[in-house]
Amino acid sequence: MDETEFWELIDGSREAAEGDPEEQADLLVERLLGCDPEVVLDFARHFESRYNRAYRWDLWGAAWVLLDGASDDAFDFFRCWLIGQGREVFEGALHDPDSLAELLDDFDEEVDGDGEELGYAADEAYEQLTGTVAPDLGIPAAPAEPEGTPVDFEDDGALSQRYPKLWDRFRE
C-alpha cells in the first residue's frame with residue numbers, strides 16, 4: 001500500500017461515516033478485511049508513522065484549545081482523529097496547527113477530536129484475518145517527549161496569542 005492508497009482509505013471511510021470517528025473506524029476495519037494481511041500491516045505502518053509525526057507540542061496546544069483541555073490520552077486520541085480527517089487537514093495541521101480553525105468545517109466536542117478507535121482499526125483487521133496479533137511494524141518508535149517547544153496549557157493569554165484563529169473560533 002502506498003501513501004495515496006492509505007489516504008484514499010482514510011478519506012473514503014470518513015466520507016462514508018459522515019465524519020463520525022467511531023463509524024469511520026468500523027468502516028476501516030471492514031475495508032481492511034478485504035485486503036491481504038501484508039497490506040493491512042502497510043496501512044498500520046502509514047498510520048503509526050503519521051501518529052508519531054504528530055507527537056508535537058504545537059499540535060498538543062491546538063488540541064488543548066479545541067478540546068478545552070487535553071490529557072496525555074486525549075492527545076493520543078486527538079492524533080488518531082487528526083489522521084482520520086484526511087491528508088489535507090493532517091498535513092495542514094502539521095504545517096500550522098492554528099490553521100485547523102480554517103481546515104475544519106465544523107467541530108463538535110461530543111464527537112470530534114477523539115479517534116481512539118481509528119488507532120486500533122489495522123490491529124483489529126489483522127487479528128481477524130490471521131487469528132494472531134500484528135507483529136512489530138519495524139518503524140522507529142515515537143519520541144519519549146513531544147517534538148518542539150513545550151506549551152504552557154494553563155496560560156490562556158499565551159494560548160490565545162499562539163493560536164489566535166483557533167482561540168477566536170473555539171474559545172471565545
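## Helix packing

A crossing of two helices is called right-handed when the near helix is turned clockwise from the far one by less than a right angle. In this predicted model, the crossing of helices H2 and H8 is right-handed. H2 spans residues 21–32 and H8 spans residues 121–130; their axes lie 9 Å apart, at an angle of about 40°.

On the H2 side, the contact is formed by Ala 25, Leu 28, Val 29 and Leu 32. H8 contributes Ala 121, Ala 122, Glu 124, Ala 125, Gln 128 and Leu 129.

## Nonpolar core

The largest nonpolar core contains 53 residues. Those touching the most other members are Phe 43, Leu 66, Phe 78, Leu 82, Ile 83, Leu 100 and Leu 166. Helix H4, residues 57–67, gives the most to this core, supplying nine residues.

The surroundings of Ile 83 can be listed individually. Beyond its neighbours within four places in sequence, Ile 83 is in contact with Phe 6, Trp 7, Ile 10, Phe 47, Arg 50, Tyr 51 and Phe 90.

## Cysteines

The structure holds zero disulfides. Cys 35 is in no disulfide, and the nearest cysteine sulfur to that of Cys 35 belongs to Cys 80, 19 Å away. Because a disulfide requires sulfur atoms within 2.5 Å, the sulfur of Cys 80, 19 Å from the closest cysteine sulfur, is too far for a bond.

The two residues also have their own accessibility values. Cys 35 is partly exposed, at a relative accessible area of 21%, whereas Cys 80 counts as buried, at 5% relative accessibility.

Methods
Residues are numbered from 1 along each chain as its sequence is written. This is a predicted model: local features need pLDDT of at least 70, side-chain atom pairs count only at pLDDT 80 or more; totals for chains, interfaces and linings use all residues. Side-chain values use heavy atoms; hydrogens and water are left out. Axes are lines fitted to C-alpha atoms, for helices over the stretch in contact, and angles run from 0 to 180 degrees between N-to-C directions. Helices (H or I, at least four residues) and strands (E, at least two) are DSSP runs, numbered from the N terminus. Contact means heavy atoms within 4.5 Å. A nonpolar core is a set of buried Ala, Val, Leu, Ile, Met, Phe, Trp, Tyr and Cys residues joined through side-chain atoms within 4.5 Å. Buried means under 20% relative accessible area, exposed over 50%, partly exposed in between (1.4 Å probe, protein chains only).
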